[in-house]
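Trainee: I would like to learn how to read side-chain contacts in a protein model. Could we go through them one kind at a time?

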Amino acid sequence: MSHRPRSQDSAAWRSAAIAAALVAVATGVGAALDHYVSSTSQAMLYLVAVVITAYACDRVTALVSAVAAVTAFNFFFVPPRYTLTVENHEHLIALAAMLGVALLVSGLSARVRAESQLAVDSERRAHQLSALATELLDATDEAAAVAAGERALRSAFERVVVVTRDAHGTLRPVDGLPPPVLQSLQCAMAEAAVIGPGTGRWPGIEAWVVPLGSRDHVIGVARIEPAPAADEIGREHATALASVLAQGLWRLRAAEAQVRAQAGLQRQELQSTFLAAVSHDLRTPLAAIVAAASSLQEQRERLTVAEQDQMLTRIAGQARFLSRITENTLQLVRLASGPFARREWQSIEEVVGSVIGRLRGQPGGERIAARVADALPLVRGDATLLAQLVTNLLDNACRYGKGPIELTASSTDDAVIVSVKDRGPGVRPEDEARLFEPFFSGEAKAPGHGAGLGLALCRAIAEAHGGSLRYARRREGGSCFTLALPLEAQPEAQPEATA
Amino acid sequence: MTLKVLVVEDDAEMRGLLRASLAAEGFAVTTAVSLSEATAILKHDPPDLVVLDLGLPDGDGAELVSTVRRQSALPIVVASARQDPIGKIALLDAGADDYLIKPFSIAELLARIRVALRHRGSALQPALKHFEGDGLRVDLEARVVERDGDPVHLTPTEFNLLARLLRGAGRIVTHRQLLADVWGTEHVEDTHYLRLYMGQLRAKLERAPSEPRFLRTEIGVGYRFAVE
């Protein structure tokens, strides 16, 4: 509060010094030229001093300078010299004219100065506003936006506090704010209007309290000091900065809400497809198990031995199917969570052989015919995963395909190829594109149903091995799945001699 | 004489089911729900075979395998829901006789139990030296292998591999055990030897090498010479 009057004081002293110096210079020059010029010219010298003073300094100094100039002129150059007596009315007129000129010039220059100051101020404010707007555009989070707002307000005012209301409606940061200040903040937010000196609301407080945002959307509040009641322009500027900040904050919140909403929607979508898949893939076999088991409990005496066997077979088969779904789900999650570590040399003949051995005993397993080329090159990978891939393909063919299931394994120059063909209805053309998506299981009863995760896992395994898995419709009807695994330089075989 | 089987399983449903199924096959069944209970039974009333679950309330069943193996050749069949082949291999290498992954069928369990019992004390008894069945005849002492009456020529490595599998007939022999016994301990990581030589052996011995009758693959774990 004190440094401004002090600077005003020193400015006044400087003005007085300038005025005195100018009058002194005019006097000196007038005296030096005394023998060559008339007193009219000397008066002109004083006039120059007064005009310069009036232009450069404030009005009071200008008037004092005018009086001093006339007095000095009177004293030094108007006869009788070295007295303040005025002999001639002419000189009175000169004195009056000098005063008039001083007043006029001083008034004019004061107005010019005020106007140019106004222009500078308003340009600075406009700059502050646009700088804040730019910074807010770059701000990616609320803390950064608030910091930018505080910076902008601080460049215009001395003391600034910005407080925002978070998603739960809590104001922060409010630590260390005295209760009356807090009350004023809450009042400004509640009324969504500026309060403080000059606003007609809460004139007793020392600061302006400016809400961020308009009615219903007040995000926070800024407390600004100093707040002279008469500084309407300053108040307007504070309001403008606050509204730019509020817009920035609002934009960030809206974007955040949108992202949240989208993520929620995606999660919901995933959840619902997962639930649909689970409820379908798990409930169908569970229903069959419960039906068969309860039928055996209730009606065993009335069922033939063959019927009882059939039901027991169904229970065992469906339970095995559930177990496979579980295995597929776990494996898919495992594959999705990171690369697998076990990459060893594997024989496709062995993988295929062990899978077929396991599937032979299951319904449809007798239809599998395997043709594996002799001396097939080894591939590098995880045998458990490759076996699961082949199991899923064969299992699908057993369940949904018809006629013989042909498994062939062969090699080309750069790949080992395994294909599984059946004579079932195949995949509907409209379903082909989504066949390998997780949880996609086609229309109920359509081929592929119930294998929801199976094919997705197959493709994931193929890709984890750097290979590919493709589907093709067979010309005469049926499906053909083709797995291609990249061929690598084969390992050295142990020389027989050392054995 | 009735054979005694100890079932170590913490799930009541599973325990009851195994008890009933094994009793129906004529075994005298005792059950334990925890590692400590199993240890106590092993000490005071040693069974002829253990069916062991791995995740037990007071510890891992795997500890029991190594403890038992240090003292006796008691057959242990592990029955667990754990899929991971590495753990499976570790258990087999630690001395478990066989490993079944839940869910398994009772028929499978009974078959594994029969194999494990046949090998009871195999560390002491002479190993299987002859095999004859399904057109294959192997005489390890005479180093004769015949398929459908025709002699089959095997290289020394192929013969050693077959001999090692036949000695543990019916049981899984892990990759590591095979590599160490046939090629030497410095080759335990060279699983591709096995892939190559097993391929050659199958080509010579099996009617359909891609669907082997004898030389079965235990995916990710090892091989088994199937006798049944």
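Trainee: How many disulfides are there over all chains?

Mentor: A disulfide is a covalent bond between the sulfur atoms of two cysteines. In this predicted model, the count over all chains comes to zero.

Trainee: Is Cys187(A) buried or exposed?

Mentor: Cys187(A) has a relative accessible area of 12%, so it is buried, the cut-off being under 20%. Cys480(A) also counts as buried, at 11% relative accessibility.

Trainee: How many salt bridges are there over all chains?

Mentor: For a salt bridge, look for a side-chain nitrogen of Lys or Arg within 4 Å of a carboxyl oxygen of Asp or Glu. By that rule the count over all chains is 33 salt bridges. One pairs Arg260(A) with Glu256(A), at 3.4 Å from N to O.

Trainee: Where do Arg260(A) and Glu256(A) lie?

Mentor: Both are in helix 7 (residues 232–299) of chain A, and because they are four residues apart, about one helical turn separates them. Arg260(A) is exposed, at 55% relative accessibility, and Glu256(A) is partly exposed, at 43%.

Trainee: Which parts does the salt bridge of Glu432(A) and Arg473(A) tie together?

Mentor: In this pair the closest N and O atoms are 3.6 Å apart. Glu432(A) belongs to helix 11 (residues 429–432) of chain A and Arg473(A) to strand 10 (residues 468–473) of chain A, so the bridge ties together parts that are 41 residues apart in sequence. Glu432(A) is partly exposed, at 29% relative accessibility, and so is Arg473(A), at 40%.

Trainee: Which residue forms a salt bridge with Asp97(B)?

Mentor: The partner is Arg171(B), with 2.4 Å between the closest N and O atoms. The pair links distant parts of the chain, 74 residues apart: Asp97(B) is in the loop between helix 4 (85–94) and strand 7 (98–101) of chain B, and Arg171(B) in the loop between helix 6 (156–167) and strand 12 (172–174) of chain B. Both Asp97(B) and Arg171(B) are buried.

Trainee: How many aromatic pairs does the structure hold?

Mentor: Rings are paired by the distance between their centres, and the angle between their planes gives the kind of pair. There are 14 aromatic pairs over all chains. One of them, Trp183(B) with Tyr193(B), is tilted, with 5.5 Å centre to centre and 45° between the planes. Trp183(B) is buried, at 9% relative accessible area, and Tyr193(B) is buried too, at 8%.

How values were computed. Residues numbered from 1 in each chain as written. Chains lettered and ligands numbered in written order. Predicted model: local features only at pLDDT ≥ 70, side-chain atom pairs only at ≥ 80, totals over all residues. Heavy atoms only, no water. Phe/Tyr/Trp six-rings, centres within 6.5 Å; stacked < 30°, edge-to-face > 60°. Buried < 20%, exposed > 50% of the residue type's maximum accessible area, 1.4 Å probe, protein only. Disulfide = S-S within 2.5 Å. Helix = DSSP H or I, 4+ residues; strand = E, 2+ residues; numbered from the N terminus.
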